[in-house]
Amino acid sequence: MKKRILTGDRPTGPLHLGHYVGSLQNRVRLQDEYDTYILIADIQALTDNFEHPETLAANVFEVTLDYLAVGLDPEKANFVVQSRVPELCELTIYFMNLVTVATLERNPTVKEEIKQRNFVRGVPVGFWSYPISQAADITIFKADLVPVGEDQLPMIEQAREIVRRFNRLYDKVLIEPRAMLGSVPRLPGTDGGAKMSKSLGNCIYLGDPPDAVRKRVMSMFTDPTRIHPTDPGHVEGNPVFTYHDVFNANKQEVEELKDRYRKGTVGDVEVKQRLYDALDGFLAPIRERRDHYRHNPQQVYEIIREGTAKGRAVAQATMEEVREAMKIAYRFD
Ligand code: ATP
Ligand code: MG
């Protein structure tokens, strides 16, 4: 039997370059080798968007377009809508008994996200405990491998702890998953912030039209210590060069630009223009495939329905084993 991959995204907006280098790239690369399930995590998206649930429907569609656009093949990868797999909620509730409040409170990613979100009425229990529901997502699919960005490492660790606890207490039915980091574990935002993130508005989206990409690139943060194009500049930690390193296939051009930047013989505008060209070369074929599917919504819906049905069947089978292991598979006949 093939090993499984489970990973996913919150349908809080279309996907961006950070998703690509953090996770999508690995999913595409491994989809032949692994039985792949990709969760469109709408329940998790609600944890900080519960006041605007109406935004989810369109974003489930957008995220699926992005999957298809980057080359995930629905014959190999199943796209599963989380809320259509109620077994996930059941497993989440069982897992809640295996995690302490203190452990949840120590999760560094959740801590950071709570700070950013500035919940005015206090932190919702749903948001604070989402690592538990994410552990259910991963383990119900018996995933061996989880391709994710660096921010997700504490979540995988939490899932592993839960699996060890469950298997020791009840029976060995769950698999301890491994994280797989992308080629860039954490892509910075266009604002120079530590992480490109939908919630921070510092993104270049995979489906952005050329003029939007150009605008984002031209207004990117560079070296704050450099005032004139003739000042020697810093390449390290400069997001424009980070993006060049990742997305510009012409390595010689990148080295030349770095060299000139350090000497103060090239301006930010030229460096950015070259970056725009490189990004456009990368994004154009993605944009084209995305447009194709966008104009064929029925085909996309069919792909979602099929993927979700397959995913649900796997989840149901695991839950039979889970209830059996927990000695709660009561039969009343
Ligand atoms: P949100 O702000 O809604 O949480 P997000 O941009 O963080 O959006 P998620 O749906 O939470 O996106 O993340 C999906 C996957 O993409 C995760 O594996 C995450 O680690 C990865 N990812 C997201 N942003 C980046 C980034 N800037 N660099 C690398 N990986 C990323
Ligand atoms: Mg996130």
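Modeller: Gladly! Let's start with a term: a salt bridge is a side-chain nitrogen of Lys or Arg within 4 Å of a carboxyl oxygen of Asp or Glu. Please keep in mind that this is a predicted model, where local features need pLDDT of at least 70, side-chain atom pairs count only at pLDDT 80 or more, and totals for chains, interfaces and linings use all residues. Residues are numbered from 1 along each chain as its sequence is written, chains are lettered from A and ligands numbered from 1 in the order in which they are written, and side-chain values use heavy atoms, with hydrogens and water left out.

Biologist: What makes R10 and D48 a salt bridge?

Modeller: Their side chains come to 3.0 Å, N to O. The limit is 4 Å, so the pair qualifies. By this rule the model has 30 salt bridges.

Biologist: Where in the chain do R10 and D48 lie?

Modeller: Helices (H or I, at least four residues) and strands (E, at least two) are DSSP runs, numbered from the N terminus. R10 sits in the loop between strand 1 (4–9) and helix 1 (17–30), while D48 is in the loop between helix 2 (42–46) and helix 3 (56–70). The two are 38 residues apart, and their pair links distant parts of the chain.

Biologist: Why is D48 called buried?

Modeller: Buried means under 20% relative accessible area, exposed means over 50%, and partly exposed is in between (1.4 Å probe, protein chains only). D48 has 18%, so D48 counts as buried. R10 is buried too.

Biologist: How do you know whether R226 and D268 form a salt bridge, and what parts does the pair tie together?

Modeller: Their closest N and O atoms are 3.5 Å apart, and that makes a salt bridge. R226 lies in the loop between helix 10 (210–218) and helix 11 (239–247), and D268 lies in helix 13 (residues 268–294), so the bridge ties together parts that are 42 residues apart in sequence.

Biologist: Are R226 and D268 buried or partly exposed?

Modeller: R226 is at 8%, so R226 is buried, while D268 is at 23%, so D268 is partly exposed. Salt bridges can also share partners: E157, R160, R164 and E176 are joined that way into one network.

Biologist: Let's turn to the ligand. Which residues are closest to ligand 1?

Modeller: A residue is near a molecule if one of its heavy atoms lies within 4 Å of it. Ligand 1 has 22 residues around it, the closest being T12, H19, D151, K195 and S199.

Biologist: How much of ligand 1 does the protein bury?

Modeller: Taken alone, ligand 1 exposes 600 Å², and the protein buries 97% of that. Within the shell around the ligand, helix 1 gives the largest share, three residues.

Biologist: Why is N118 called exposed?

Modeller: N118 is at 57% relative accessibility, which is over the 50% cut-off, so N118 counts as exposed. N118 lies in the loop between helix 6 and helix 7 (125–128), and its phi is near 55 degrees, a positive value in a residue other than glycine.

Biologist: And what label does K327 get, and why?

Modeller: K327 is at 69%, so K327 is exposed. K327 is found in the segment after helix 14 (297–325) and has a positive phi of about 60 degrees although it is not a glycine.

Biologist: Last one: is R287 buried or exposed?

Modeller: R287 is in helix 13 and, at 12%, counts as buried.

Key
Accessible areas come from the Shrake-Rupley method with a 1.4 Å probe; for residues, only the protein chains shown count as cover.
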